[in-house]
Amino acid sequence: MILDLDAGNTRVKWRIRGSDALQGASTYGDLQELQALLTHYAPARVCLGAVVRDDKLDRLVQAVNAVWAGSLEQVSVIDHFAGIELAYEDVSLLGVDRWLAILAARNRFPEDNLVVVDCGSAATLDILTRDGVHVGGYIVPGFSMMRRVLFDNTDRVKVTEDTLAALAPGRSTLEAVNHGVLRMLKSLVLELVHEVEGRRLLITGGDGNVLAQLMGVEDRLYPHLVLDGIAVAMPG
């Protein structure tokens, strides 16, 4: 039995490999459910993909080691793995979450040109050719970050954290901000998809469901793409 961990900026997603029923997410302030899972199932391996800052990563590693006696396996980015040629000259600078999402996308659709969008604290957009060449990508603020920037850096634009729900022109400051940040990211995604005929879109990340719903492409949502990528990077 293998436990895969996707340590993002705000929470840890976990899944017993091969079992969609045994999956969930924990905040870094409350890892007791994850510890209970480790204690109950005692997996043979724990595989970790992490982009989180060191203090949160240390907290996670300590929580795992407190109840599990094995050696934690952490994913590192590898160029030319699974036939994918990365765009970065120094691949250690590519976020492991982006690489894992690319791996999983390529594993699902090996014959297609791909755009892989991960909507989290930041939104990343990576482009992969059908030949396995990672052309490169873009990193832009995610929905919450864009709203927070407007709130923190303007005197007269003050909005609350309301639900992101529509793309129509806003009829209040709240709507104008929420709908505006959605339209910005949607426009970028559509531009990349339409640059090359037949590019397939895959969306993941904590806010991926919002983007997929408003674009009307719920069938392009793969909420656990990074976890899927860990299984590709560390088979067993």
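Trainee: Where does Ala-82 lie?

Mentor: Ala-82 sits in the loop between E5 and H3. Helices (H or I, at least four residues) and strands (E, at least two) are DSSP runs, numbered from the N terminus. Ala-82 is not a glycine, yet has a positive phi of about 55°. Its relative accessible area is 46%, so Ala-82 is partly exposed. On this scale buried means under 20% relative accessible area, exposed means over 50%, and partly exposed is in between (1.4 Å probe, protein chains only).

Trainee: What kind of model is this?

Mentor: This is a predicted model: local features need pLDDT of at least 70, side-chain atom pairs count only at pLDDT 80 or more, and totals for chains, interfaces and linings use all residues. Residues are numbered from 1 along each chain as its sequence is written, and side-chain values use heavy atoms, with hydrogens and water left out.

Trainee: How do I read a helix face? Which residues of H1 are buried?

Mentor: General idea: an α-helix has 3.6 residues a turn, so residues three or four places apart point the same way. Now the case. In helix H1 (residues 32-41), Leu-34, Leu-37 and Leu-38 are buried. Seen down the axis of H1, the buried residues fall within an arc of 95°, so they line one face of the helix. That arc is taken from the directions from the helix axis to the C-beta atoms. The face turned away from the buried side carries exposed Gln-32, Thr-39 and His-40.

Trainee: What covers the buried residues of H1?

Mentor: The cover includes strands E1 (2-7), E2 (11-16), E3 (23-27) and E4 (45-50), and helix H2 (54-67). Contact means heavy atoms within 4.5 Å. Just after H1 comes Ala-42, with a positive phi of about 45°. Ala-42 is in the loop between H1 and E4, and is not a glycine.

Trainee: On to the sheet. What is the strand order?

Mentor: Strands of a sheet pair through backbone hydrogen bonds, either parallel or antiparallel. Two strands count as paired if DSSP finds at least two bridges between them. Here five strands form an open sheet in the order E3-E2-E1-E4-E5, with mixed pairing. E3 and E5 (73-74) are the edge strands, each pairing on one side only.

Trainee: How many bridges join E1 to E2?

Mentor: Five, and the two strands run antiparallel. Leu-3 stands opposite Ile-16 in E2. E2 and E3 also pair antiparallel, over five bridges. There, Trp-14 has Gly-24 in E3 as its bridge partner. The hairpin of E2 and E3 has six residues between the strands, and its Gly-18 takes a positive phi near 85°.

Trainee: Which strands does H7 lie across?

Mentor: Helix H7 (residues 225-233) lies across E1, E2 and E4, at about 130° to E1. Axes are lines fitted to C-alpha atoms, for helices over the stretch in contact, and angles run from 0 to 180 degrees between N-to-C directions.

Trainee: What does UniProt list for Asp-97?

Mentor: An unreviewed UniProt entry lists Asp-97 as "active site". UniProt positions are in the numbering used here, feature names are shortened, and annotations may be inferred rather than shown by experiment. Asp-97 is in helix H3 (residues 96-108). Not counting residues up to four places away in sequence, Asp-97 touches Val-51, Asp-118 and Val-226.

Trainee: How many residues of domain 1 are in contact with domain 2?

Mentor: Six, against five residues of domain 2. The chain is divided into domain 1 (2-74) and domain 2 (111-224), with bounds from an automatic or database domain assignment. Their C-alpha centres lie 27 Å apart.
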